[in-house]
Amino acid sequence: MSPSPKFNSLSRRGFLMGAAGVAGIAALGPLLAACSSPASGEAVTSGKVDVSVWTNDKNYPAFFRTRAESLSKEGPYDYKVSEVVSSDIWTKALAAYAAKSTVPSLMGIEISQFSRFMRNNIAEGVFADLSGKMGAPDDAFIAARVDPYRLNGKIYAMESATTIATTYKRVDLWDKYSIPATDTWDDFVKVGGEQNKKNGIHMGLLGSTDAGIFPNLLFQRGGQAFDEDGNQTVDSPEALEVLQLLHDGVQNGTFALTTDLWGGPGVGMMKSNKIAAFWQADWFNPFYLVPNLPEQKGLWMIENPPVFAGGGFPTSVSGGTGFAVTKDRPETEATLALLQDAYGTESGQIERFSVLGYLPSLKSAWEVPEVLNKEDAYLGGQKVMDVYKPLSTQLPTQQQDLRYSDFLAAANIAVSDMFAGKLTPKEAQKQIVDKLKK
């Protein structure tokens, strides 16, 4: 039996589970809007302080614990870091804030779930405003990784990575089958179909009920799910083009489908030696490939992804987790100091990249030799920044909106039906738009 991914069984699957729980938490909106985060005692200004980290990825608390140990030596705080790790952590947190029960000091929010905290200005009621308080100036960070956590002009979370998407290649399979290079997505799907017919391999793996790739490719194409005024823009030509690409890629065998992309079935497919490529962000390497496919060490490398011939960006962003500080708590200032140290300093960003593999979100960290020269052992010693750095200045953002999780829920159903042959790309697009209008 193939093992479940140590990272994605929580974070990526939780991403979808959280979207599905929107309706259930909607009733808490007015209550959350009316309350602030629960306080319990005087503010801690020195000495022992307990900081609880709630997240969908157990590696984050470990990183914060390491930074806390170093920070404790400098004072004035003596940190103890505890953790709560859950696949549906956002729903649990919203319920906790509404009930004024035990809440986290540091709340890790998957980027697409932040929309749930935008409703009724929940973020403003329970989180500290981080504007100008991120350890470095706001504009010192890559804008595409800051903007999705803004609400009414204020910043309520700090991003954990830059999540630049590239093509992961199984070098041995590309050499074995002499797979030609492709520059555009149209060519990629054409070559993928030819390879599937001739050699029985696939140039990608998708979840049959996971539409996560749709918005990420939409960003690359230059589209968005919403505009800055909150109007849905899924009825755009760009969105239809992406849906058509995915439809055609599944139909001709470029993309294989699995019932659980991040669980055992997906891992089993990756072990079959039939998946020659995978389009995904930097986190895919340390938190999927490394723990689940150790036997494939040295067989993978990254390269620039295909582009859309009609325009857009040379890459996209996929996923991310922003950490918010619960306000009006005895440990709020100490928690803010920890986040500033871990995410707002070069040393913190470099350590996060070195230990966890997350690309820095602080611009200056991209110029440090320790970062630029890092060789990735799993990727055959490849210097990954040779690929990532040129792309880092050409990133789309994710236009955030309070209905973003509704969009994801609608897209999961429509794209799943499209993959199953029940809907055409045009019909899938219309179904998503209709649900958003309702």
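1. A cavity is taken here as a set of grid points where a 1.4 Å probe fits but cannot get out, and its lining residues have an atom within 4 Å of a point. The model is predicted. Over the whole structure, three cavities of 30 Å³ or more are found.

2. The second largest cavity has a volume of about 60 Å³. Its lining is made up of M134, F141, R145, V146, I155, A157, M158, E159, Y343, Q349 and S361. By class, seven of these are nonpolar, two polar and two charged.

3. The largest cavity holds about 390 Å³ of space. It is lined by 33 residues, of which G212, I213, N216, Q280 and S318 are the closest to its centre. Two or more lining residues come from each of helix 1 (8-20), helix 9 (185-199), strand 8, helix 10 (213-221), strand 10 (277-280) and helix 18. The lining divides into 19 nonpolar, eleven polar and three charged residues.

4. The largest pocket has a volume of about 200 Å³. Among its 16 lining residues, N285, P286, G357, K374 and D376 are the closest to the centre. Helix 13 (284-292) and helix 15 (346-356) each supply at least two lining residues, and helix 15 gives the most, with four. The lining counts ten nonpolar, three polar and three charged residues.

5. Nonpolar side chains tend to be buried together in soluble globular proteins. In this model the largest nonpolar core has 116 residues, and F64, F214, L246, M270 and F407 have the most contacts inside it. Helix 18 (residues 404-419) gives the most to this core, with nine residues. Another core, of 23 residues, lies apart from it and includes W54, W90, I109 and F127.

6. Which residues does M270 contact, leaving aside its neighbours within four places in sequence? They are R170, L205, I275, F278, F284, Y288, L289, L293, Q296 and W300.

7. L205, one of the contacts of M270, belongs to strand 8 (residues 204-207), where L205 and G207 point one way and G204 and L206 the other. All four are buried. Strand 8 pairs with strand 9 (residues 255-258) in the parallel sense, over four bridges.

8. An open sheet of five strands has the order 2-1-3-12-6, and its pairing is mixed. Strand 2 (77-85) and strand 6 (158-159) stand at the edges with a single partner strand each, so one side of each is left without a neighbour in the sheet. Within this sheet, strand 3 (residues 106-110) and strand 12 (residues 321-325) pair in the antiparallel sense over five bridges. F323 in strand 12 is the bridge partner of G108.

9. Is helix 5 (residues 89-99) mostly covered or mostly uncovered? Helix 5 is mostly covered, with eight of its eleven residues buried. The buried residues are I89, W90, T91, A93, L94, A96, Y97 and A98. Of these, W90 also belongs to the core of 23 residues. K100 follows helix 5 and has a positive phi, near 55°.

Note on methods
Residues are numbered from 1 along each chain as its sequence is written. This is a predicted model: local features need pLDDT of at least 70, side-chain atom pairs count only at pLDDT 80 or more; totals for chains, interfaces and linings use all residues. Side-chain values use heavy atoms; hydrogens and water are left out. On a 1 Å grid over the protein atoms alone, a cavity is a set of points where a 1.4 Å probe fits but cannot get out, and a pocket is an open set with protein on both sides within 12 Å along at least five of seven lines; lining residues have an atom within 4 Å of a point. Grid points are joined across faces, edges and corners, and a volume is the space filled by probe spheres set on the points. Ala, Val, Leu, Ile, Met, Phe, Trp, Tyr, Cys and Pro count as nonpolar, Asp, Glu, Lys and Arg as charged, and the others, Gly among them, as polar. Buried means under 20% relative accessible area, exposed over 50%, partly exposed in between (1.4 Å probe, protein chains only). A nonpolar core is a set of buried Ala, Val, Leu, Ile, Met, Phe, Trp, Tyr and Cys residues joined through side-chain atoms within 4.5 Å. Contact means heavy atoms within 4.5 Å. Two strands pair if DSSP finds at least two bridges between them.
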